[in-house]
Amino acid sequence: MKKRKFGLVLSSVLAASAILGACGSKDEDKPAKENETSGESNKEEAFSVAMVTDVGGVDDKSFNQSAWEGVQDYGKEHNLKKGDGGFDYLQSKSDADYDSNLNALLRRDFNLIYGIGFMMEDSMTAIAEENPDNKFAIIDAEVKADNVVSVLFKEQEGAFLAGVAAAKMSKSGKVGFVGGVDIPVINRFEAGFVEGAKAVNPDIEIKSKYTGAFDKADLGKVTANSMYSSGVDVIFHAAGATGNGVFSEAKERKKKDPNANIWVIGVDADQYEEGKVDDKTNVTLTSMLKGVNTAVVDISNKAKNGEFPGGKTLTYGLAEDGVKLADSRGAIPEDVQKVIDEYKEKIAKGEIKVPEKVKK
């Protein structure tokens, strides 16, 4: 009996110790759980953004690079780091990479995913439909879906000003346009350029050539060589990384003949550095800026704040400061700049409607 009573007492003590130990564990776990909850809260507050480039590459000194700068600016604004949970990009070497890149970013749980360029329209349409709970944005194309915001620019308006500058600065009366792929967005660049040049010189001779690529600098160089050799002295390119070849050809000619009237008008971003021949010489007349970076930051912040404009098409023109010419650093004289500014004001006010296609 004594042994049995002692066993019962010991069992009761052990049971009580176990209960107290369990209670102590729960109390000790509380701070860890609170920290864990806090961590989850911070993670929820971070709104991550990523983009897929088209074939021009993220360092094309043009369209893709401008978009990537916008993504980076958004990341810096919100103290995000490059990588999962922050901001990032995937580069497409060919159009076959679009689907896989978009899906890769989806698997990495980015809150907003950008497709950069008209050529991604089909991939974005299909993937947005398959993932209705995810947010997407596409630049230079329209996708009709509630979870996609489409961003377009009135390239023809900015290109009109480039045409005015080219025609006014040409000494030969011959200017050129080098396009990438023959698609609507590049057609708008050409149409505006042609209209602007003819507005100030109805007799101007305009040579246009589409290279069929946005990532072939060698094609840009060959095309520019042909144009400059025919007497063209100002070339406006809208060809992404292919346009880098236009700059190469212009710089080579300027080195051989420092007195030659050789100019390039850049596109999308300020391409002044691309035209640098030496410390005193630069062949970049100006650049037609396209506010892709500004649009990316604007839309990313809207989405973060719960104001994602899904299902809408946002269009940026001269009136919205979505397109404009870059500072010429003195290459364009004041009298020519005055003419450019006059046309800019008329277009912004709607007094001049710039066509989206070249008039035949």
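Here is a short walk through this structure, from its strands to its aromatic rings.

The model is predicted, so to speak of local features a pLDDT of at least 70 is needed, side-chain atom pairs count only at pLDDT 80 or more, and totals for chains, interfaces and linings use all residues. Residues are numbered from 1 along each chain as its sequence is written, and side-chain values use heavy atoms, with hydrogens and water left out.

Let's begin at strand β1, residues 49-52. Helices (H or I, at least four residues) and strands (E, at least two) are DSSP runs, numbered from the N terminus. V49 and M51 point one way from β1, A50 and V52 point the other way, and all are buried. Buried means under 20% relative accessible area, while exposed is over 50% and partly exposed lies in between (1.4 Å probe, protein chains only).

Which strands pair with β1? Strands pair if DSSP finds at least two bridges between them. β1 and β2 (residues 87-90) are parallel and share four bridges, with L90 as the bridge partner of V52. Between β1 and β2 the chain passes through helix α2 (residues 63-77), and this β-α-β crossover is right-handed: with the strands pointing away from the viewer, the path from the first strand over the helix to the second runs clockwise. β3 (residues 112-116) also runs parallel to β1, joined by four bridges, and there Y114 stands opposite M51.

Now for the aromatic rings. The whole structure holds nine aromatic pairs. Rings of Phe, Tyr and Trp (its six-membered ring) pair if their centres lie within 6.5 Å; planes under 30 degrees apart count as stacked, over 60 as edge-to-face and the rest as tilted. The ring centres of F160 and Y343 are 5.4 Å apart and their planes meet at 50°, so this pair is tilted. F160 belongs to helix α5 (residues 155-169) and Y343 to helix α10 (residues 334-348), so the pair links distant parts of the chain, 183 residues apart. F160 is buried at 4% relative accessible area, and Y343 counts as buried at 18%. Elsewhere, ring pairs link F177, F189, F193, Y210 and F236 into a cluster.

A charge sits over a ring if NZ of Lys or CZ of Arg is within 6 Å of the ring centre and within 35 degrees of the ring normal. Likewise, the charged end of R329 sits over the ring of Y272, 4.2 Å from its centre.
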